[in-house]
Amino acid sequence: MSWIFGLNKGGPASAGDAAASGPGPGPGPPAVPPPPGAGGGGGDDRDRDRRKDKDKDKWSNFDPTGLERAAKAARELDSSRHAKDALDLSRLQEQSVHLEHQTRIKEYEAAVEQLRTDQIKLQGEEKRKTLTEETRQHQARAQYQDKLARQRYDDQLRQQQLLNEENLRKQEESVHKQESMRRATIEH
């Protein structure tokens with residue numbers, strides 16, 4: 001089994017032989033080399049013992065049965081006469097999954113583009129409505145100002161007419177006074 005990890009250079013046959021011998025005395029997990037700089041340069045023995053205990057604890061809970069089953073399945077697949085067909089089928093399945101992903105990506109891109117188009121269309125519609133409303137308000141303002149100007153002009157005309165009538169009345173009164181004064185002076 002260790003040949004998968006490249007630890008035992010003997011190949012799968014020697015790993016199978018080791019697995020066939022059963023659990024018992026035999027080669028255990030390989031020893032982990034000490035970290036660099038921790039060589040025999042007078043280091044602390046307690047630290048080294050703790051590291052060894054830690055390494056043993058790490059490998060003591062390891063269950064190799066899953067890896068052994070995978071290695072067995074790989075050997076059976078290699079020796080099977082349908083291995084090429086299985087590999088082709090696996091490739092076809094992966095290609096179909098890839099095509100499905102590409103199709104989904106294209107669908108998402110199309111949906112995003114549609115959203116952008118809809119957003120631009122909506123912005124254009126809002127801008128058109130805004131311009132229409134501004135135009136309507138401008139026309140209403142212009143009509144109101146025109147109405148006010150006409151009213152002012154009518155008021156000015158009325159006031160001018162009233163002034164003219166007042167001046168005409170005063171002139172008539174003045175003419176009547178002069179007439180009456182002339183009569184009075186003629187009579188005297």
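**Briefing on the predicted model**

Arg-128 counts as partly exposed, at 45% relative accessibility. In this predicted model, Arg-128 forms a salt bridge with Glu-125, the closest N and O atoms being 2.4 Å apart.

- Arg-169 and Glu-166 are joined through their side chains by a salt bridge of 2.2 Å, N to O, and because they are three residues apart in helix α4, about one helical turn separates them.
- Arg-169 is partly exposed with a relative accessible area of 37%, and Glu-166 is partly exposed with a relative accessible area of 29%.
- Arg-183 and Glu-179 meet in a salt bridge at 3.6 Å, N to O, with a spacing of four residues in helix α4 that again corresponds to about one helical turn.
- Arg-183 is exposed, with a relative accessible area of 51%, whereas Glu-179, at 29% relative accessibility, counts as partly exposed.

**The chain as a whole**

- The protein chain contains four helices and zero strands, so that its elements, read from the N terminus, run α-α-α-α.
- Of the 188 residues in the protein chain, buried residues make up 2%.
- The protein chain exposes about 17,100 Å², of which carbon and sulfur atoms supply 55%.
- The structure holds 10 salt bridges, including the pair Arg-128 and Glu-125.

Methods:
Residues are numbered from 1 along each chain as its sequence is written. This is a predicted model: local features need pLDDT of at least 70, side-chain atom pairs count only at pLDDT 80 or more; totals for chains, interfaces and linings use all residues. Side-chain values use heavy atoms; hydrogens and water are left out. Helices (H or I, at least four residues) and strands (E, at least two) are DSSP runs, numbered from the N terminus. Buried means under 20% relative accessible area, exposed over 50%, partly exposed in between (1.4 Å probe, protein chains only). Accessible areas come from the Shrake-Rupley method with a 1.4 Å probe; for residues, only the protein chains shown count as cover. A salt bridge is a side-chain nitrogen of Lys or Arg within 4 Å of a carboxyl oxygen of Asp or Glu.
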